[in-house]
Amino acid sequence: IFSRAEAGPARSQRSTERRSARPQRDSAGCGKRHRRAAALCLTKALGSLSHKSAAMADPPSPSKMNTDTLSDAARPLIDLIDTLRSHGVQQDLPLPQIAVMGDQSAGKSSVLEAISGVPFPRGTGLVTRCATQLIMSRAPKGSAWTASACVEPSDGAAPIKLEKAEDVADVIEKLTAKLCEREGGAFSTTAAVVIKLRSPDVPDLTLLDLPGIVRTAVAGQSQSVIGDVNSLIETYLKQERTVVLAVIPANQDVATIDILQKAKGADPEGARTIAVLTKPDLIDQGAEKEVLETLLNKRAPLKLGYAMVRCRNQRENEAQISMTTAREREKAFFDAHAFWGSEAFNVPREQRYTLLGVDALTGRLSSLLVTRIRKALPAIKYELQNQKKEAEQEYKRLGGDNAPDDPIKMRAALVDVVTRYAALMRQSARGNYGHTLLAQNPNLRLFGRHQVVFKDLKDSVGDTQPAFDDERFTKHLAREMHAFRGRELPGFTNSQVFYGFMVKNIEEWRPFVDDCRAQYVATTIRVSDELLEALAPTYPSLVSEIRQLVTTILEEAGDRVQRKLDDVFAKESDPYTTNESMLELVNQIRMKNFDIALRSVLDSVPPSALVGDNEEKKSAAAAAHVKRKLGQWYMATHGVNTASKVEDMCTLLEAYWDVATKRLVDNVCMTLEHDFANFSLKKLEESCFLFAADAGVPEKTDLLERLFLQDPRVVAQRKAAIEKKMRMEAALDALGESGLRVVAERANSIKIEAPKALAAGFVTSDREASNATLTTLPPRRASSVSSERGAPPPPPVTRPPPPPYEEPTRPPPPAYVEPSRPSPPPPPAATAAALARDNPDLVRAGLQTAAENPELVKAGAAAAYENREMLGAAAAAVADNADLFSGGGLFGDDASAAAPADTDALANKFGSLFGDG
């Protein structure tokens, strides 16, 4: 059933067609034969599972495990990322990668040699002087070793073909020297050496080797090399899609390792940092326990954990021992070592094949890279699509392919620019932002920006209002009124105090109005300039010519409107109004003052007036107090005295101030709107069309050519935009041609969980397995290598509990119509219910996998339905004969007890149980 489901709906359809073409047979005889065949198959399958489970007691070494299955799944993903990188996509967005980092002489080159099987430049100090990218591809068994080398970005030279592995180190040194010479220094930060290997003996893996951390510049090195190297390392550390492979000498205290501190700064949770301990043969005797704590991820823990490898030492390098011999010596070291050996039992047996050796490290890195790529592909596709759209818009904004190249096209382009400019300026000034250019760019919305200037004017004028209720103001006003005292009769107020006060304060508003005018004119000029640059970004001469014309017109209009504003002040300098709102304000102010006085009087009623049992006496006493106090207030504020006159004058000034300030702001805004904006817009339209008509005459072809001379900087920007667009298109084409089904999805804020690579056989955790169908990978095929060698599967691994199941949001499936065929009776459900109740985590994992793999579930369900009679019979037999399977295998601990010796007898028993019914 599962092999049919994996093959997909097409195979299921072919099976249905073949069955429909077969001649009809006797249903009873056919059913009996099918049931007996099902029993025999079930018996043999259980026996095979039991024998395999027993064989797992002695798991093989990682070097013998089959990696063809991973290669089938990993190769399309890794090839895709390498293709994207070859198109230069890494310039625009980060790609999943594994970067090898560490101190100088920490063993980075040795680790790369052990993984790839080719020598790298060695030495002390800064050996790696630029980034080196190692792209490895597993070739079919028996294929020849091939390799090539080049630099990226490309310098135009053809890739160097390598004849043998020993040439790799020399070629890397030559290309590194070439890059450093090209950049004029001892170090290169902008380019990389790329080595591509293809061999049956290498994994499907891509690694990036970075220079070692530099702390002190030695003789012959510039001090700048420290900052250059550290800056390059920090650049890769900050990329969220870069996994850090930290190389750490095992004989050093992990707490002092600089690369771990740097990685923790960029990756605080350690979700994308894996460390490899090198040089285990140099660990001091007695210090192994501390190293073991680090290896088991108990000291300085990382979510991706640690591994330990033993690479060729200096003496073995000088002896030029082969990589195969080095692998054998590494295995012998970890098998026979007094502390690390298999007989010492210091490293748990089930973890030896994930922690010790180059094979274990290679398996974990390959699984890790594939998982990271698979999880990042939806976001990468989304970013590719977005950046392609942005590049297209930028290219179009910069002129695109419509650059005029003859006088006729230039005249048409000039008229088009002038027409659109005049129309958009008028729309922008009137607040009509329906055009795409105005809707997308808030800086071009002239009316809105003018409103900001008007609001500043209103706030500035309002801030000058005196504190009419302040005691100091009333005293000052009393002195002014006394100074203006004339021949008026007692009880009358001299109005000259009012006029003098208002005229003096109105002049304080003039600086704010002048500033408003200047800001209004400057804002109009800025919006005009920005609009011209948006309409003709590639023609600076044309923009400059029209800008000069427009600026002159707007500045003249600004000087003209100044005279109109002077008239506004001349009118305000003679206070007058017929606005009845002033009277309403006077009444409101007086009522406010009365409320304040009444509240004060009520609060001043003495407590003695409220004591006693006689309510009438208490009320009379309180009323007498209120009457007396209110009378005193009225005589003070409304009697014939100086205080009452000051009170009345303050009320009138406050009311007129409110009317005058609102009127001034309205008059200034309307004057600027009518006498500047409307006037200047009409003048702009006339002048711009006259300019276009004058420049378009045949005698001024030279002027046209000068106006449409393109800015070299803009030409470079347009070229960069079209190159980016081509990169994005090539990347999206590569994604489509890869055969991977990827749905674009915006990257969310949820950090990618660190996958748990379990063994060199590349077994991953439940969550990784459930996400494996994010892309459609090539179907798995049986490994010929595994069948020839007879290598058993990897050891069983205790998986962590899966996350809680969450119902995915999907449209409801179409209603299922039951075919017209008899339905079998349901199988016994007691055993299944008990298993589900006792294993909730397993049920949740199954539900999550089913939710994330709807097509696979549909295919499996179709296959199960087509064989429902056989499945029903087999399930009933297992439920009724559970004692036959309770000894081991899938249901117990004793693996051998699950496989009866006489499988034919067991099959006969199943056949008799099924019977004819």
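Two strands are taken to pair if DSSP finds at least two bridges between them, and strands (E, at least two residues) and helices (H or I, at least four) are DSSP runs numbered from the N terminus.

The views show a predicted model, in which local features need pLDDT of at least 70, side-chain atom pairs count only at pLDDT 80 or more, and totals for chains, interfaces and linings use all residues. Residues are numbered from 1 along each chain as its sequence is written, and side-chain values use heavy atoms, with hydrogens and water left out.

**View 1. Strands β2 and β6 within the sheet.** Strand β2 (residues 131–138) runs antiparallel to strand β6 (residues 205–209), and five bridges join them. Across this pair, Q133 stands opposite L208 in β6.

View 2. Nine strands form an open sheet of mixed pairing, in the order β4-β3-β5-β2-β6-β1-β7-β8-β9. Because β4 (160–162) and β9 (306–308) stand at the edges with a single partner strand each, one side of each is left without a neighbour in the sheet.

View 3. T176 belongs to helix α6 (residues 168–183) and is buried, with a relative accessible area of 6% (buried means under 20%, exposed over 50% and partly exposed in between, with a 1.4 Å probe and protein chains only). A polar atom of the T176 side chain lies 2.7 Å from the backbone oxygen of I172. Not counting residues up to four places away in sequence, T176 touches R129, C130 and V193, where contact means heavy atoms within 4.5 Å.

Note on methods
Polar contact = N/O pair within 3.5 Å; in protein donor to acceptor, adjacent residues only side chain to side chain.
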